[in-house]
Amino acid sequence: MKILKEGASFGIAGLIQLGIDWLVFVTLTKFGVIAAAANMLGRVSGASVGFWLNGKWTFRDADRARLERRHLGRYVTWWLTTALISTAAVTAVAHFASVEASWAAKPFIDAFLAACSFFVSKYWIYR
C-alpha cells in the first residue's frame, strides 16, 4: 500500500510542478520572452519545486533528515535525461508527421516519462 500512497503523492506533486511550469511559461511569454527560453525557465521552476516536494513529502525517509547534494545530482541527471528524451521524441514526431501531431503526442510522451520518473525517483534519486 505504501507504493500507492507514494504514487498519489507523486501525482499531486507533479500537478503542482506542472502548474508552476505553465504559469511561469505563460507569464514570461506575455512579457515578450521567447517561447523556448520561457519554456526552459518554466521547466526549471517547476522542477525545483518538484524536487523539494518529492524529497520532503512523497519519498521522505525517517532516517534522512534532509535532502542532500547526491539527491540533487541524481535529480538533475534524470531531469536532463528526460528533457532530452522528450525533446527528441517531440521533434521526431514533428519532423516525420507534423507539428500538430507533436502537440498531440507530447502529453503521451510526458506521461510515459512521468511514470518512469516515479520509479527512478523512488529507487534511485531519493533512496
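Which helices each supply at least two residues of the lining of the largest pocket? I worked on a predicted model, and I found that helix 1, helix 2, helix 3 and helix 4 each do so.

Entry on the pocket. I noted about 1100 Å³ of space in the largest pocket. Its lining has 35 residues, and the closest to its centre are L18, D21, R43, K106 and D110. I then looked up which helix gives the largest share of this lining: helix 4 does, with 10 residues. By residue class, I recorded the lining as 19 nonpolar, 12 polar and four charged.

Entry on helix 2. I listed the buried residues of helix 2 as A38, G42, R43, G46, A47, G50, F51, L53, N54, G55 and T58. I checked what covers the buried residues of helix 2, and the cover includes helix 1 (2–30) and helix 3.

Entry on the core. The largest nonpolar core has 12 residues: F10, A47, F51, F59, L67, Y75, W78, W79, F118, V120, I125 and Y126. Helix 2 (35–58), helix 3 (69–96) and helix 4 (99–125) are the elements that give two or more residues to this core.

How values were computed:
Residues numbered from 1 in each chain as written. Predicted model: local features only at pLDDT ≥ 70, side-chain atom pairs only at ≥ 80, totals over all residues. Heavy atoms only, no water. Core = buried A, V, L, I, M, F, W, Y, C linked by side-chain atoms within 4.5 Å. Buried < 20%, exposed > 50% of the residue type's maximum accessible area, 1.4 Å probe, protein only. Helix = DSSP H or I, 4+ residues; strand = E, 2+ residues; numbered from the N terminus. Contact = heavy atoms within 4.5 Å. 1 Å grid on protein atoms, 1.4 Å probe; cavity = no way out; pocket = protein on both sides within 12 Å on 5 of 7 lines; lining within 4 Å. Points joined across faces, edges and corners; volume = space filled by probe spheres on them. Nonpolar A, V, L, I, M, F, W, Y, C, P; charged D, E, K, R; others polar.
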